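Please look through the sequence and the model shown below before reading on.

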Amino acid sequence: MTASLPRQAAPPEEPSQQAEDRRHRIRRRALTLLIIVLLIGVPAGYLVISANQSRDSGKDKEAKYSATGLTEGWPSKVQRRLYQVPVPHPANKVAYYETNNWKTSRLYVQFQTTNAGLNAFLKELGIGQEQLKKDDIAIGDRDQDVTGWTFTGPGARQGPYWGFVHEQKNPQPTHDVVVNWGNPTYPMVYVVARTVP
């Protein structure tokens, strides 16, 4: 007789995977959609905001640098230092304009000050009032056209005018200065500082 082998038990039946219920499926899909929106929408929104800020900044710079003629206000400290134009205190009716090209950079400045302010300005340039020459319009026609300054002829501001040219070796700026003493208490000063980069 042959020995019989014990019977192996049938493997237990695996619990049947129940179909995903509707509520769980909706929750899982909503979570997936939220993740997709966050991964795509947030960076896209950031890019749109950044582009708008960049465009607005560009418009502001374009307006600033496309301006022609004098702009009311003080030139920046950097401009005053670079072009060596020490606008004195007190000063009013201050306006400026800067032009740059590959050959020459210019800063146009006008201001009204007291006689003491004028003396301080001239002293900073290293000259005195005795060096001013009567009826010397040191600022040329080209620079007058750029700024709209008129010193002679119809529409000219009332003089008397005194002027000088303060020449310096490059890279130091050269200054063309005209002083209008039409108001003897508060002279008006016009300066063109030019430098070769």
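The sections below describe how this predicted model is put together.

## How to read the model

Because this is a predicted model, local features need a pLDDT of at least 70 and side-chain atom pairs count only at pLDDT 80 or more, while totals for chains, interfaces and linings use all residues. Residues are numbered from 1 along each chain as its sequence is written, and side-chain values use heavy atoms, with hydrogens and water left out.

## The sheet

Seven strands form an open sheet in the order β1-β2-β3-β7-β6-β5-β4, with antiparallel pairing; strands are DSSP runs of E with at least two residues, helices are runs of H or I with at least four, and both are numbered from the N terminus. Two strands pair if DSSP finds at least two bridges between them. The edges are β1 and β4 (133–134), each of which pairs on one side only.

Strand β5 (residues 161–166) pairs with β6 in the antiparallel sense over six bridges, and Phe164 has Val177 in β6 as its bridge partner.

## The nonpolar cores

A nonpolar core is a set of buried Ala, Val, Leu, Ile, Met, Phe, Trp, Tyr and Cys residues joined through side-chain atoms within 4.5 Å, where buried means under 20% relative accessible area, exposed over 50% and partly exposed in between, with a 1.4 Å probe and protein chains only. The largest core has 21 residues, of which Val85, Phe111, Phe121, Val177 and Val189 touch the most other members. At least two residues each come from β2 (91–100), β3 (105–113), α3 (115–125), β6 (174–180) and β7 (188–195), and α3 gives the most, with four residues. Apart from this core lies another, of 11 residues, among them Tyr97, Trp149, Tyr161 and Tyr190.

Leaving out residues up to four places away in sequence, Val85 touches Arg80, Leu107, Val109, Phe121, His175, Val191 and Ala193, where contact means heavy atoms within 4.5 Å.

Leu70 lies in the loop between α1 and β1 (71–72) and counts as partly exposed, at 27% relative accessibility. Its contacts, not counting residues up to four places away in sequence, are Ala95, Tyr96, Tyr97, Tyr108, Gln110, Thr147 and Trp149. Leu70 and Val94 are 24 residues apart in sequence and 9.5 Å apart in space, C-alpha to C-alpha.

In soluble globular proteins, nonpolar side chains tend to be buried together. Leu39, however, which lies in helix α1 (residues 22–66), is exposed, with a relative accessible area of 62%.
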